Amino acid sequence: YSIDDSHTTEIDDALSVRGLGSAEVTVGIHIAAPGLALSVDSPADGVARQRLSTVYMPGHKITMLPDALVQAYTLQAGRACPAVSLYVVFDAQTLDILRHETRLEQVPIVANLRHDQLDSVVTADWLTQEAPRTGADLPHAELAFLFRLAQHLKSQREVVRGKPENFTRADYTFHIPSAPPEGPRGDEAVEIGIRQRGAPLDLIVAEAMILANSRWGQWLADLGVPAIYRSQASLAPGVKVRMGTKALPHAGIGVPCYAWS
């Protein structure tokens, strides 16, 4: 299942759960892999190198990669998609990590779960119920385990951080429903919404990405392969997050390293 925003055509990540009810549960974190279509100095590589990143704005965005490539590799429901997968095996009771491995594979995407449609349903209360009456078509058992796991991973990071993360501020979303495909003209109405940071679906995705980026970052460092890392020396005032090619601690997240994967 992918868990993503509602107003995007780029679906970059998905999650899977296997082994519920047994002693070990395997969580798969699957990242779209359009890099498989790129070769050095190819036309698509030239576009990516020139743009460097996707630019987001209300009602429009300019993707780093050509749209045809995006649509071919996005994790769209109902098809098998190329992905880089991190499989982490947890003890079902303690949630200790037992082992993990990385695979390059095709992953069947069952459904795209949208934040704006489900945040009012997939609440903490819903996830802790044994048999909720609402949302019967949702993967309740899998989401409930992922929420429990996310809370556990967050608490472990907070021990390293030395203080809890603060999710009291709301995030705002901006949407222009009448914008044409080529982008807004400037006279459209803008819909402004509120999305609470730290909502269960948001927390599940955030913790999965932190887990993958920290594990892959350490793996690359162990192999002596340069990567793009974010680091922060401490939480002292004025100490900012930096970008670099070495695996260094990220105090704000509470991990030994964080690769931008």
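**Reading cores, cavities and a helix face**

Author: The second largest pocket has a volume of about 340 Å³. This is a predicted model.

Reader: Which residues are closest to the centre of the second largest pocket?

Author: Of the 17 residues lining that pocket, Leu-211, Ser-214, Arg-215, Val-255 and Pro-256 are the closest to its centre.

Reader: Which element gives the most to the lining of this second largest pocket?

Author: H6 does, with 7 residues. Strand E7 (97-108), H5 and H6 each contribute at least two. Sorted by class, the lining holds 9 nonpolar, 5 polar and 3 charged residues.

Reader: How many cavities of 30 Å³ or more are there?

Author: The general idea comes first. Rolling a probe the size of a water molecule over the atoms shows where empty space is left. Here the count comes to 2 cavities of 30 Å³ or more. The largest cavity has a volume of about 80 Å³, and its lining includes Leu-15, Val-27, Ile-29, Ile-204 and Glu-207. E3, H5 and H6 are the elements that give two or more residues to this lining. By class, the lining has 10 nonpolar, no polar and 1 charged residues.

Reader: What lines the second largest cavity?

Author: Among its lining residues are Tyr-1, Ile-3, Leu-15, Ser-16 and Glu-142. The space in this cavity is about 60 Å³. E2 and H5 each supply at least two of the lining residues, and the classes divide into 7 nonpolar, 1 polar and 1 charged.

Reader: Which residues have the most contacts inside the largest nonpolar core?

Author: In this core of 34 residues, they are Ile-3, Ile-29, Val-122, Leu-143 and Ile-204. Strands E2 (13-18), E3 (24-32) and E6 (80-91) and helices H4 (124-128), H5 (140-161) and H6 (200-223) each supply at least two core residues. H6 provides the largest share, 9 residues. Beyond its neighbours within four places in sequence, Ile-204 is in contact with Ile-3, Leu-15, Leu-143, Leu-146, Phe-147 and Ala-150. There is also a second, separate core of 8 residues, including Leu-75, Ala-83, Val-107 and Ile-109.

Reader: Which residues of helix H1 are buried?

Author: In H1 (residues 43-51), Ala-44, Asp-45 and Ala-48 are buried.

Reader: Why do the buried residues of H1 line one face of the helix?

Author: Viewed down the axis of H1, they fall within an arc of 100°, so they line one face. These buried residues pack against helix H2 (67-73). The face turned away from the buried side carries the exposed residues Pro-43 and Gln-50. Just after H1, Leu-52 takes a positive phi of about 70°.

How values were computed: Residues numbered from 1 in each chain as written. Predicted model: local features only at pLDDT ≥ 70, side-chain atom pairs only at ≥ 80, totals over all residues. Heavy atoms only, no water. Core = buried A, V, L, I, M, F, W, Y, C linked by side-chain atoms within 4.5 Å. Buried < 20%, exposed > 50% of the residue type's maximum accessible area, 1.4 Å probe, protein only. Helix = DSSP H or I, 4+ residues; strand = E, 2+ residues; numbered from the N terminus. Contact = heavy atoms within 4.5 Å. 1 Å grid on protein atoms, 1.4 Å probe; cavity = no way out; pocket = protein on both sides within 12 Å on 5 of 7 lines; lining within 4 Å. Points joined across faces, edges and corners; volume = space filled by probe spheres on them. Nonpolar A, V, L, I, M, F, W, Y, C, P; charged D, E, K, R; others polar. Arc of directions from axis to C-beta.
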